Amino acid sequence: MANELVADNTTVQDAKLFIDGQYVDAISGETFDTINPATNQKLATVAKGGEEDANRAIEAAHKAFASGVWSNMPVEKRSEILCRMADLILEKVEQLAYVETLDVGKPIRESREFDIPRAASNFRFFAEMAKYMVHEHYDMANHMSYVQYAPAGVTSLIIPWNLPFMQMTWKASAALAAGNTVVIKPASDTPLSAVLLGEIANEAGLPPGVLNIITGPGSTVGTVMAKHPYVQRISFVGESETGKTVMRNAAENLTPVSLELGGKSANIVFEDADLDEAVVGSIEAIFRNQGEICLAGSRILVQEGIYEKFLEKFVAAVKNIKVGDPTDESTDMGALVSKSHLKEVADYVQIGLDEGAKLAYGGKMVESLPEGNFYEPTVLYDVHNKMRVAQEEIFGPVPVIIPFKTEEEAIEIANDSIYGLAGVVWTNDLRRGQRVTSQVHSGLLWVNCWYVRDLRTPFGGAKASGIGREGGRHSFDFYTEAKTITIKK
C-alpha cells in the first residue's frame with residue numbers, strides 16, 4: 001500500500017501517484033515533502049507529478065471511459081461498488097482521520113466525527129441517487145421524445161487543502177456515480193489522504209483507470225488537467241484568482257467548468273436573536289477548521305442595540321477555545337496549514353489594526369507552541385465594511401465585527417462584497433429571516449444555524465464565489481450530457 005498508517009499512529013508512509021489502478025513514481029523521479037503544520041517537520045515524501053504524468057493519467061481515464069468498463073456498467077453494479085467504497089472509508093475512519101489531521105493541522109475530533117464520515121456519506125448518497133434519477137419522456141401525435149443523461153467522459157477534479165478528503169469525495173463520488181472516469185489533483189500542502197482513496201478504490205473493485213490521482217504543482221499538473229482535449233468536465237475548488245486561470249485554460253476546448261471559489265460571508269445578528277445561540281453559532285462559523293473554510297461567517301454584523309453585549313459574550317467564548325496539538329482529543333483549534341499562510345493571516349491582522357480596527361482578543365502566534373503554525377483565535381471589532389479586512393478573504397481564525405442599525409443597512413453591508421458564497425441570519429422573527437435571506441446575494445444561506453447540509457440541495461456561490469451548482473440532481477446535471485432522442489411511432 002502506498003500510504004499506510006503505521007501501527008503506532010505517529011508516521012505515514014511516502015505517497016506515490018495512482019494511475020490506471022497502480023501506485024507509481026513520477027516519470028521524472030522527482031519528489032517533494034509534505035509538512036506537519038503542528039511541528040513544521042517532514043511528514044512524508046510525495047511523488048512530484050509533472051505534465052507527462054498528468055497526460056498519462058488522463059489517457060488512462062480516457063481509455064477506461066472509451067472501453068465502457070465503467071460508463072456502460074449497469075447503474076446497480078456501479079452503485080454497489082461505490083457503496084463498498086463508502087463502507088471501506090468508515091472501516092478505515094481512524095487511519096484516514098489521523099492522516100488528515102497530521103497533514104492539514106485540524107483537530108482529530110473534526111476529522112473523525114465530521115470529515116471522514118461525511119466522505120463516506122458522499123459516496124453512499126450519489127451511489128444510491130444514481131439508481132433513482134428521473135428520466136423525462138414526452139409524447140407527441142406521431143413521435144415520442146425522451147431525454148438520456150449520458151456520462152460526460154473524463155473529469156478533472158482539482159481539490160483544495162483545507163478539507164481535502166471530504167471535498168475530494170464530494171466531487172469524485174458524483175462524477176463516478178454518473179459513469180465518468182476521473183483524474184484528481186489534491187493540493188500539494190495536503191496530498192496524503194487523497195492518495196489513500198486509490199487503495200480504497202482497488203479494494204472495492206473499481207476498474208483500473210476509472211480513478212486516477214496525481215500529486216504535483218498546479219502550475220503544471222493543474223494546467224494539463226484544465227487544457228487537455230480529452231477532459232470533458234472540470235470541477236475546481238479554491239481561491240478566486242486561480243479559478244479564473246482554470247476557466248481561461250478550460251476555454252481553449254470549451255470545457256464546462258464548476259468553480260467553488262472564495263467567500264467573505266456575512267453572519268448577521270439581529271437584536272431579537274437568541275443571543276447565546278447566536279454566539280455559539282458564530283463561534284462555530286468562524287473558528288471551525290481554524291477558520292480555513294470558504295463558508296466561514298467571517299463578517300459578523302451585529303445590530304447596535306446588542307452590539308456591546310454580543311461582543312462581551314463572544315470574546316468570553318473565544319477565550320475558552322483550546323488551541324493545541326491537533327491529535328489531542330481536547331483540542332478545539334489546531335495549526336494553520338503552512339508557515340506562509342500563517343504569515344498571511346498575521347499580516348491581515350496588522351492591516352486591520354492599521355486601518356483602525358480594534359483588537360478584542362488574540363492577534364499573535366501561540367507562544368507556548370512556537371514550533372508549529374499556531375495562531376490565536378483573534379477578534380477585530382468596530383470594523384467598517386470598506387476596510388480590507390472586511391472585503392478580502394483572510395481564511396483564518398479572524399472574524400471582523402461590524403455594527404449596523406437597521407435591517408436595510410445589514411442587507412446593504414452583506415451585499416457590499418465581491419463574494420457571494422454563504423450567509424447566516426440570527427433572528428427569532430421568521431418573516432425577517434425570509435426577507436433578509438431573499439435579498440442577500442449568496443448561494444447558501446442559513447437562519448439560526450450554520451453549515452447544515454442536505455446533499456440533495458444545490459451548493460455553490462454567486463459573483464466571485466464561483467460558477468455552477470453541485471449537489472443532488474445538480475451534480476448529475478453537470479457531470480452528464482443531456483441527449484434528446486426522438487422516435488417516430
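This is a predicted model: local features need pLDDT of at least 70, side-chain atom pairs count only at pLDDT 80 or more; totals for chains, interfaces and linings use all residues.
Residues are numbered from 1 along each chain as its sequence is written, and side-chain values use heavy atoms, with hydrogens and water left out.

**Cavities**

- The structure holds five cavities of 30 Å³ or more, where a cavity is a set of points, on a 1 Å grid over the protein atoms alone, at which a 1.4 Å probe fits but cannot get out, and lining residues have an atom within 4 Å of a point.
- The largest cavity has a volume of about 100 Å³, a volume being the space filled by probe spheres set on the points, with grid points joined across faces, edges and corners.
- Among the residues that line the largest cavity are Arg 118, Trp 170, Glu 260, Cys 294 and Phe 459, and its largest share, three residues, comes from helix α5 (residues 164-177); helices (H or I, at least four residues) and strands (E, at least two) are DSSP runs, numbered from the N terminus.
- By class, the lining of the largest cavity has eight nonpolar, one polar and three charged residues, where Ala, Val, Leu, Ile, Met, Phe, Trp, Tyr, Cys and Pro count as nonpolar, Asp, Glu, Lys and Arg as charged, and the others, Gly among them, as polar.
- The second largest cavity holds about 70 Å³ of space, and of its 13 lining residues Gly 291, Ala 296, Ser 298, Ile 394 and Phe 395 lie nearest its centre.

- The largest pocket contains about 990 Å³ of space, a pocket being an open set of points with protein on both sides within 12 Å along at least five of seven lines.
- Of the 45 residues that line the largest pocket, Trp 161, Gly 238, Glu 239, Ser 240 and Thr 242 are the closest to its centre.
- Two or more lining residues of the largest pocket come from each of α7 (218-227), β10 (231-237), α8 (240-251) and α11 (339-355), with α8 giving the largest share, seven residues.
- Both domain 1 and domain 2 give residues to the lining of the largest pocket, so this pocket lies between them, and the lining is made up of 18 nonpolar, 17 polar and ten charged residues.
- The second largest pocket, with a volume of about 350 Å³, is lined by 14 residues, and those nearest its centre are Arg 109, Glu 110, Glu 284, Arg 288 and Asp 332.
- The lining of the second largest pocket draws at least three residues from each of domain 1 and domain 2, and by class it has seven nonpolar, one polar and six charged residues.

**Helix packing**

- Helix α1 (residues 51-67) packs with α7 at an angle of about 35 degrees, and their axes are 8 Å apart; axes are lines fitted to C-alpha atoms, for helices over the stretch in contact, and angles run from 0 to 180 degrees between N-to-C directions.
- In this packing, Glu 51, Ala 54, Asn 55 and Ile 58 in α1 meet Thr 220, Val 221, Val 224 and Met 225 in α7, with contact meaning heavy atoms within 4.5 Å.
- By class, the contact of α1 with α7 has five nonpolar, two polar and one charged residues.

Technical notes:
Domain bounds come from an automatic or database domain assignment.
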